[in-house]
Structure formats: C-alpha cells, structure tokens
Amino acid sequence: MSQSSAAPVVERIDAKNRYEILVDGTRAGLTAYRDRDDQRIFYHTEVDDAFAGQGLASQLVQQALTDVRASGKRIVPVCPYVAKFLNKHEEFADITDPVTPEVLRWLDTELG
C-alpha cells in the first residue's frame with residue numbers, strides 16, 4: 001500500500017442521516033444520527049474491519065461533532081462509542097445533552 005494516500009475525508013450525507021469517513025474514496029466507516037428539534041442524536045458508529053486500528057472512528061466522530069457545533073445543534077450520545085469519545089473530549093460538553101428515556105423512545109419510533 002502506498003504511503004502517499006490522501007488523508008481521510010469526512011462527509012455529512014443528509015439523505016442517509018449519517019457522516020461517512022472515506023479513505024481514498026472508499027467508505028471506511030460511518031456514524032448514524034437522527035435530528036430531533038435542535039438535537040442531533042448519534043445512535044450507531046462503525047468502521048469496516050479492513051480499516052480497523054487506524055483511529056478512523058475517532059477522526060470521524062471528532063469531525064461529525066465539530067460539524068454539529070457549526071450547525072448550532074446539540075449532541076445526544078446514544079451510541080456507546082460517541083459517549084466514550086465525549087468522556088475524553090470535554091470541549092464538546094457545553095453542547096452535549098443527556099440520553100433520556102424520552103429520547104430513546106423517540107429514537108425507537110424513528111428507526112422503527
């Protein structure tokens with residue numbers, strides 16, 4: 001594998017309610033969300049096995065949360081990975097809301 005590969009790119013794909021991280025144009029992972037009023041509820045993050053161990057999930061979530069801030073929304077970390085990330089990155093604490101039973105019920109209904 002060549003060392004000159006481009007840096008991973010994170011894109012928000014509104015039509016699919018997710019952010020994707022691309023490595024050389026290949027989707028390596030995603031973090032999925034649903035918007036509820038001013039809250040962006042993250043409920044699932046995954047990185048393809050072929051790309052594991054490269055720190056991509058962290059880059060993906062970092063850029064997704066930065067985008068949430070830029071959008072003026074708030075973060076609700078239903079996804080365990082996002083929750084763990086937020087524990088280590090207190091710079092997002094001011095825009096993070098707790099996961100409540102109400103949020104979980106709403107998400108269940110949304111995801112059907």
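User: What does buried mean, and is Phe42 buried or exposed?

Analyst: Buried means under 20% relative accessible area, exposed over 50%, and partly exposed in between, with a 1.4 Å probe and protein chains only. This is a predicted model, in which local features need pLDDT of at least 70, side-chain atom pairs count only at pLDDT 80 or more, and totals for chains, interfaces and linings use all residues. Residues are numbered from 1 along each chain as its sequence is written, and side-chain values use heavy atoms, leaving out hydrogens and water. Phe42 has a relative accessible area of 1%, so Phe42 is buried.

User: Which kind of aromatic pair do Tyr19 and Phe42 form?

Analyst: Rings of Phe, Tyr and Trp (its six-membered ring) pair if their centres lie within 6.5 Å; planes under 30 degrees apart count as stacked, over 60 as edge-to-face and the rest as tilted. The ring centres of Tyr19 and Phe42 are 6.1 Å apart and their planes are at 25°, so the pair is stacked.

User: Which residues do ring pairs link into a cluster?

Analyst: Tyr19 and Tyr33 form a tilted pair, 5.4 Å centre to centre with 50° between the planes. Tyr19 also pairs with Phe42. The cluster linked by ring pairs is Tyr19, Tyr33 and Phe42.

User: Which residue lies over the face of Tyr33?

Analyst: A charge sits over a ring if NZ of Lys or CZ of Arg is within 6 Å of the ring centre and within 35 degrees of the ring normal. At 4.4 Å from the ring centre of Tyr33, the residue over its face is Arg40.
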